[in-house]
Structure formats: C-alpha cells, structure tokens
Amino acid sequence: MAIARPIRMLGAACILLCLFLVFQLHQSSSEEGSKLAHGMKKDPLVDPTGEPAGNLWRADEHDYSPDSEQSARTNAALITLVRNEELGQLLSTMTDLERTWNSKFNYPYIFFNDVPFTEEFKQKTQAMTKAKCQYELVPKEHWDVPDWINMPLFYESAKVLEEQDIQYSSKISYHQMCRWNSGMFYKHPALAGYRYYWRIEPNVKFFCDVDYDVFRYMEDGNKTYGFTINLYDAPQSIPSLWPETQRFLAANPSYLSDNNMWEWITDDVARPEHTKGANGYSTCHFWSNFEIGDLDFFRGEKYEAYFQHLDRAGGFFYERWGDAPVHSLGIGLFADAANVHWFRDIGYNHIPYLNCPNSPKCSGCKAGQFFQGADFLSKEDCRPTYFKYVGTH
C-alpha cells in the first residue's frame with residue numbers, strides 16, 4: 001500500500017534532522033579541546049611538527065643495548081615517586097613509554113617511595129622493560145615534616161584552604177610530596193651519579209614515537225629544562241610564594257639570570273585576577289609531571305639557596321606550594337631562557353591536559369588538542385603567555 005505524501009515528507013524531514021544532529025555531534029566531538037585562549041590565534045601544534053634541530057643520537061647508529069659496557073647512554077635516568085598501590089597505573093605509563101621511546105634506548109628506571117616496595121611491584125615493573133630498574137626508599141629526614149613547622153597552624157591553614165576548594169590541602173602526604181619534589185629528590189644518593197632525569201608519573205600517556213636520545217639532546221644543546229605543558233596555578237594555594245621569592249631576590253640580586261623569564265612570571269594581562277591573587281605572580285608554570293631536567297642546576301648554589309629560603313618560610317605546609325611553581329620560578333629566574341626547551345614533538349597526556357603534535361609519528365590524539373572536557377579548561381593554558389615572552393624554542 002502506498003504511503004501518503006505528507007507522511008513521506010514527515011519521514012524525510014526526520015531523516016534530515018537526524019543527519020543534522022549526527023553532524024553537529026561529530027563537529028562538537030572533533031572540536032573538543034581545541035578552543036584557544038588568551039589571544040592565541042593558532043596552536044603551533046596544528047602545523048607539522050618535526051624533531052628538534054641538531055645532531056641527534058639514534059639507536060640504529062649507536063649501541064644502546066641494555067647491558068652494553070660501551071653504551072651510548074649518558075648519565076641519565078627515568079625517575080618517579082610512586083606508591084605500591086599505583087602499580088597498575090604505573091605499568092600503563094611504562095607500556096607507553098617503552099613502546100614510544102625507551103625500548104630503543106634502555107635508560108634505567110629509578111623508583112622512589114617513602115615505604116618499601118613490594119615484591120609484586122618490583123617483579124611487574126622489571127618485566128615491563130629490558131632496562132635496569134632500581135627501587136629506592138626516601139630517607140626519613142627527607143620526607144618527615146620539618147621540626148620548624150607548627151602543626152596546629154598547619155591544620156588551621158588546611159581548613160582555610162579546604163573552604164576555598166583547594167585540592168589535597170588537608171592531606172599531609174601531599175604537602176610532603178610537593179616539598180620532596182621541590183628540593184629533596186636531587187639529593188637522594190641514588191641520583192648522585194646522574195646528570196639528567198626524566199620525570200614520569202602513573203596514569204600518563206605518550207602518543208608519539210620518539211626516535212632520538214632526548215638526554216643526549218639535552219646534553220649536546222646545553223639544555224637545563226624541558227617541558228610539554230604550561231599551565232596556570234590556583235592563586236589561593238600560593239599567595240606568599242612570590243613575596244617570599246622577592247625577599248630572596250632582594251637578598252641575592254646577583255642570582256637573577258641575565259636572560260630570565262621575568263615577563264612570563266609577572267604577566268598581569270592574560271589573567272589579571274590570578275596575578276593579583278598571587279601577589280604579583282602570574283601563576284604560570286611548567287607542569288612538572290613531565291619534565292626533563294639537569295640535576296646540576298637543581299644541585300647548584302642558586303636553586304638550593306632558593307629552596308632553603310622557601311622551606312624555612314613554611315609555605316609547603318601552611319599553604320600548598322607545589323613543586324611545579326617552585327621549579328618554574330627557579331628555572332624562570334636563575335636559568336638562561338635559551339636553555340629551556342619545549343618538547344613539542346613528544347605527545348603527552350596527564351588528565352585533563354595534552355600536548356598533541358601534528359606528526360605521522362603520533363597516534364591517539366588530535367593535533368593541537370590541549371584539553372579533554374569542558375571549555376573552561378582552555379583558560380588554564382599559559383602557553384600563549386610563554387610564547388609571547390619566551391618563544392616556542
């Protein structure tokens with residue numbers, strides 16, 4: 001029986017409407033995480049992304065076999081502060097890192113914990129790699145709350161931070177972790193023989209094949225620090241960090257690098273409410289869950305004196321100073337900006353932010369995507385300010 005013309009038209013309209021809705025959903029999905037902020041017209045990662053310039057060391061040209069006595073590896077290690085209960089998430093990280101990079105170069109892993117690692121942890125992590133694995137206990141004197149910290153004041157301060165929705169503010173182990181990562185990790189005896197480190201963490205992803213020795217790149221280029229993601233911090237967590245930094249600089253003016261990142265650190269245009277809330281600090285920082293660094297810089301006179309000043313000020317406990325802003329201020333003030341490198345070619349994700357290059361070596365993320373989730377996350381991108389004052393090197 002023939003279908004009446006009005007019903008046919010209604011059916012056709014429904015089909016067109018469904019197709020339109022599918023198209024809109026696809027557009028919305030494809031644009032997720034691509035919204036730009038702070039005046040950036042185009043994400044540099046949308047353009048084709050290649051390896052850094054220079055003479056790069058490759059596994060097929062040098063000996064990187066795990067047990068070679070003539071290894072081309074330099075004095076470097078992959079390091080992580082991790083708990084036994086994070087084993088599954090860490091194995092996921094190692095799977096990605098081995099697949100994209102370390103299975104070619106076999107740099108050692110050094111795992112740190114404030115309690116002994118379980119045999120299960122040791123067996124399963126070592127099974128993930130041909131590289132050597134080392135399991136280290138954080139010295140008690142490096143982890144314990146310093147005796148100059150007033151614990152009743154800590155608990156009162158934590159309540160205030162909780163009322164401002166500052167995450168982990170009352171979790172003392174989080175404060176201890178931030179302090180250790182800020183100024184204790186490089187003092188561990190296990191790192192005494194090393195010059196460079198690549199910090200990794202549980203539950204991160206690596207998207208791109210990297211076919212050169214990143215540690216040799218750091219060494220040959222005299223690089224001090226490498227990053228992938230550049231963010232704003234919560235000003236409520238660090239209100240006295242910049243004033244304390246200014247006090248330190250006033251007492252040690254010669255420590256300031258001639259080619260520093262002062263404008264990036266103090267910008268009050270992109271997010272003036274942040275700069276005001278942090279008393280003059282833009283809160284821009286390198287997201288330190290990925291960082292490749294020169295241990296000699298952190299062991300050096302300038303950074304160590306800076307950390308000691310901050311440690312005595314108590315902000316790791318009375319506020320919630322993170323290692324990311326502390327590292328970033330140290331690098332931004334005392335290092336040569338020309339020796340800081342954006343590893344744009346290393347695809348990286350730590351929820352909810354990403355570094356996604358446009359490269360045939362990458363899969364699993366969209367070129368130029370900065371975040372996963374709601375659009376408000378786009379405003380946390382401090383790369384436009386960094387590119388403006390420092391550049392994209």
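Predicted model: local features only at pLDDT ≥ 70, side-chain atom pairs only at ≥ 80, totals over all residues.
The backbone of N222 deserves a look: its phi is near 55 degrees, a positive value in a residue other than glycine. For background, most residues other than glycine have a negative phi, and most peptide bonds are trans.

The peptide bond leading from I351 to P352 is cis, and its omega is near 5 degrees.

Now let's turn to helix packing. Two packed helices are described by the angle between their axes and the distance between the axes.

| Helix pair | Angle between axes | Distance between axes |
|---|---|---|
| Helix 6 (172-183) and helix 14 (323-334) | roughly 20 degrees | within 8 Å |
| Helix 6 and helix 12 (301-313) | about 155 degrees | 10 Å |

How do helix 6 and helix 14 run, parallel or antiparallel to each other? Their axes cross at roughly 20 degrees, and angles under 35 degrees count as roughly parallel, so helix 6 and helix 14 are roughly parallel to each other. Helix 6 passes helix 14 in a right-handed crossing. On the helix 6 side, the contact is made by C178, N181 and S182, while helix 14 contributes D323, V326 and H327. Sorted by class, the residues of this contact are two nonpolar, three polar and one charged.

With helix 12 the angle is about 155 degrees. Angles over 145 degrees count as roughly antiparallel, and therefore helix 6 and helix 12 are roughly antiparallel to each other. Here R179, S182 and G183 of helix 6 meet Y303, E304, F307 and D311 of helix 12. This contact divides into two nonpolar, two polar and three charged residues. Notice S182: this residue takes part in the contact with helix 14 and also in the contact with helix 12.

### The second largest pocket

Finally, some empty space. Rolling a probe the size of a water molecule over the atoms shows where empty space is left. The second largest pocket has a volume of about 240 Å³. Which residues lie nearest the centre of this pocket? They are R73, A76, P108, K132 and Y194, out of 15 residues that line the pocket. By class, the lining has six nonpolar, six polar and three charged residues.

Conventions: Residues numbered from 1 in each chain as written. Heavy atoms only, no water. 1 Å grid on protein atoms, 1.4 Å probe; cavity = no way out; pocket = protein on both sides within 12 Å on 5 of 7 lines; lining within 4 Å. Points joined across faces, edges and corners; volume = space filled by probe spheres on them. Nonpolar A, V, L, I, M, F, W, Y, C, P; charged D, E, K, R; others polar. Axes fitted to C-alpha atoms, helices over the stretch in contact; angles between N-to-C directions. Helix = DSSP H or I, 4+ residues; strand = E, 2+ residues; numbered from the N terminus. Parallel < 35°, antiparallel > 145°, perpendicular 65-115°, else oblique. Left-handed = near helix turned anticlockwise from the far one by under 90°. Contact = heavy atoms within 4.5 Å.
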